[in-house]
Amino acid sequence: MRPPQSGAVPGAGEERRPTPPEGWEAPRERWLSTVVSPAFGPRSVLLEVVVRLLIPSILVFSVFLLVSGHDRPGGGFAGGLVASMAFVLRYIAGGRHELAVGMPLKPNTLLAAGLLLAAVMAGLPLIGGAPLLDVFYRTFELPLFGEVKVASYLFFEAGVFLIVVGLVLSVVAALGARMEAEEEEARAGHRRRRRARSGGGER
Amino acid sequence: MLLPVILALHAATAVLLPPLVRLLGARAFLVASLPPALSAVWALSRSPGIAAGEPAEASVPWVPALDITLDFRVDALSLAMVLLVSGVGAVIFCYSAAYFRSDQAGLARLTSVMVLFAGAMLGVVTADNLFALYVFWELTSVTSFLLVGFDQRKDAAGRAALQALITTAGAGLFMLIGFILLGQAGGTYRISELVADPPVDSPLLPVALVLVLIGAFAKSAQAPFHYWLPGAMVAPTPVSAYLHAAAMVKGGVYLIARLAPGFADADPWRVLVLAFGLATMVIGGWSALRQTDLKLLVAHGTVSQLGFLCLLAGAGTHTAAVAAIGALLAHGFFKSTLFLVVGVVDHQAGTRDIRRLNGLWRSLPVTAAAAGLAAASMAGLPPLLGFIGKEAALEAFLPGHSPELPPLAAGLELAGLVLASVLTFAYSARFWWGAFGDKRAAETDIEPVPGTDAGGEDGAEPRIPRTRATPPSAVFLAAPVLLSLCGLVLGSLPGPADAIAAAYAAPYSDHGKPYHLALWHGLSTPLLLTAVVIAAGAALFRWREAFARLQGRAPRVISAEMGYHLFLHGTYAIALSVTRRLQTGSLPAYLGIILATMLALPGVRLVTALATGEVAVPSGGDGLRLWDTPLEGVVAAVIAVTAIAALREHRRFPALILLSATGFGIAGLFVLHGAPDLALTLILVETLTTIILVFVLRRLPATFSVRAPGWPKRWMVVLSVAAGAFISVSLWLMAAARTAEPISLGYEAAAEQAGGRNLVNTILADFRALDTFGEIVVLLTAAVAVASLVLLNRRHRVVDEPSADEEQIEEEGSRR
């Protein structure tokens, strides 16, 4: 996720503000990356702040679910759902531009990468003469963490994780963002037509 | 053996060619000619042994479980075909280097597909396993599709390519069924074994033979499938010369010739081959005489010749088999020469329309000579190979010559052969005259020389200017000259051709009268018939205008192409009407169909099983209890209340919230039953679907359309109640009907061994990881499908279409 930037995106709204606050009390960063036009209804600062604060924790939690899935509830599917929830939240709070900025990769790239990872992990045991999808793991002693187990299914699950994120993102992009863009376009067209009609009436 | 290596070399060359084309331009065709040339040289080097009756064999295991081996076997017939496919192929590749411009769009694709085709065709004629043959066969169909549709800017090219593909590959499916039946009946899929020991007693054999013949007829453009061949003439000329003269169309002839030694005596082989071959021969000759485009003339002539070849190859007598090899070689040489000549004329004179060409032989003398040789061979004039083949054919069908053929049938065939030969002579003459001859003004569309058109008084006709042509380069000419000389040399010295023919015809009994390909058989009936054919053909050419008028007056029979279009439209219409009935676009209808099917099949079965006592109703005390903890009751009440409320809610948004509340309730049940993994996943999925449905809800009206009370509504209620009852009852019965140990008992130990303590996840990622893999592929497919379906209505897609479509969409939009 990109850190919030200052002034990276030129905002049309800034010039209209009467008197910008000065000195130390002027905000240097936005809560979210882009000029905000949320997916639903009016802009809500509360939502933006909460989303900004929550997203890192949600993403970390999703990775936790992925990694701990083998011994505790979780796994690649659940982890992927949680991670995609973070992006959905971002979309709800900030609209489709925010979603576009927040996507680490295009949904199709995510899907492809996930399938590739899973397929490679499925086929890897074949090289060693083991059957397809055979699981191999090794346990390490790490300082601070203690005993850490690295198993091949973890990478397989990571593939599942990526595919789930890709799926949700492409559905959100298709159903949410695309429709939003179309509505905007339709509204613009409607406005243009009305303006043309009223212009014709004045003449 | 070298053959599999040569086949692999074709594929490797096809991969390497695109970068080479970028480097060398059209000269890359010279590189492309190397694999076929190598294969021809290899075949020639093995030819003495093969002609002596020792076929070259090789075998590569492919799918051992299905008994599919890539068996290769090169006997006399295959040798003749390899010489045509690879030898003529190599020559045509060299010709292509001069034919195509280096800046031709898509040249890289063309070269590499052509080499692929050459490899596939080589596979067809050398494979000794029915499945391997089928695979190579369809590979030629696919590559031919790409080659015919090479010019993507032409609509006609795409249509013709599709037509050829549907016809040949569609009939190929019948052939595959025929192959399987044949293999099942004979107990082996090796062609050589099947032919040596045909399963003549099997009741499946007639069906299998008919199916195989359908495939062969379609590939070799036999009536009524012949329409695709003239259509495919939109392909570049070298492609036509290769695919439609030397190689692909011979596939069907080859298959017939391959199977005939074993199956010619089995009904209904001979009847079908003789009848369809003869019909094709006459139809092709008749329509060739109507053509004014040189290439189409040659194409219709090819149809006629293919009929001739099929009937020779399938007749199943010694002399016919000898004639088949002679005619096969002759046709390969002269027909590709003629196509190449058309290419030269088109390239140098700028047109290939008979009505726009006049006196071209003066500016293209060498081309005209080569074309003359080829046309004479096609017409059956001595001392060319075509003459020898035709003599043998006439001899084969003399009544009483072969006891396999009843005299009446032989006489009928002979009459047909003579008629078709007359037509062949006439269109051969028409070809040469049309391309190179001097014409009268009335026969062309060329503007007469000014000042000569008024000279009507003394009966002198207006003079027309000769067509000018730039002289072709030596490389460009080399190919047609070489191929036409092949016909002359093999005609004058028929020894090699006869050796191959004798080796191929060896399985047939010659009844003490062995027939050999030779120029002179003494003063025999066939020679007399040839004289008649030449005289009649010359007369037909002499009075061509009168004959053309006759043809114009002849009633047009229903064309086979109409049949093809009717078939296509019928298929579309049926598909559309089925889709319209099943895919109504109404979700309640889909759900209704699914639920009704569930009730009709497993539901009815369950009820009958309960009624007959097959399934015992568990007794009351059998673990059936109200709840484990009262909390379950509370959650169940929440589920029930929200479900009923969702039913009664008429606004979409509250209904959605109620529905997800039901889902969360079920997740609660999972938690209470000790399945945290399921609960976690369900909660996440429930949340996400709710959010995504909210996106969609923006587009929908705020309330559901109110369904008027009446039978449809009552039916829906009945269906839903029945489906719910069925699910509950069957779950209850299933849980009580366990007879075996649950497999989950061993899972705990297995999970421990796999190094995981979460059983569900160990199952997903280890025990049943292949299932999981399949599921993620489904997820991926769904993601791509959803995205592309939703984005289908994108505006900029519509912009590309003609504006009429856009208006229609606008109209529809306003109606809504």
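Contact here means heavy atoms within 4.5 Å. Helices (H or I, at least four residues) and strands (E, at least two) are DSSP runs, numbered from the N terminus.

This is a predicted model, in which local features need pLDDT of at least 70, side-chain atom pairs count only at pLDDT 80 or more, and totals for chains, interfaces and linings use all residues. Residues are numbered from 1 along each chain as its sequence is written, chains are lettered from A and ligands numbered from 1 in the order in which they are written, and side-chain values use heavy atoms, with hydrogens and water left out.

Q: At what angle do helix 5 and helix 6 of chain B pack?
A: Helix 5 of chain B spans residues 107-126, and helix 6 of chain B spans residues 130-148. Axes are lines fitted to C-alpha atoms, for helices over the stretch in contact, and angles run from 0 to 180 degrees between N-to-C directions. The two axes lie 8 Å apart, and the packing angle is about 155°.

Q: Is helix 5 of chain B roughly parallel or roughly antiparallel to helix 6 of chain B?
A: Angles under 35 degrees count as roughly parallel, over 145 as roughly antiparallel, 65 to 115 as roughly perpendicular and the rest as oblique. The angle here is about 155°. That makes the pair roughly antiparallel.

Q: How many nonpolar residues are in the contact of helix 5 with helix 6 of chain B?
A: From helix 5 of chain B come residues including B:L110, B:V113 and B:F117; helix 6 of chain B supplies, among them, B:F136, B:W137 and B:L139. Ala, Val, Leu, Ile, Met, Phe, Trp, Tyr, Cys and Pro count as nonpolar, Asp, Glu, Lys and Arg as charged, and the others, Gly among them, as polar. Three residues of the contact are polar and one is charged, and the nonpolar number 14.

Q: Is the crossing of helix 17 and helix 18 of chain B left-handed or right-handed?
A: Helix 17 (residues 385-396) and helix 18 (residues 407-436) of chain B pack at about 155°, axes 9 Å apart. A crossing is left-handed if the near helix is turned anticlockwise from the far one by less than a right angle, and right-handed if clockwise. For helix 17 and helix 18 of chain B, the crossing is left-handed.

Q: Which residue does A:R138 stand opposite in strand 2 of chain A?
A: Two strands pair if DSSP finds at least two bridges between them. Strand 1 (residues 137-142) and strand 2 (residues 146-151) of chain A run antiparallel, joined by six bridges. They form a hairpin with three residues between them, and A:L144 in the turn has a positive phi of about 80°. Opposite A:R138 stands A:V150.

Q: Where does B:P383 lie in chain B?
A: A cis peptide bond joins B:P382 and B:P383, with omega about 0°. B:P383 sits in the loop between helix 16 (365-379) and helix 17.
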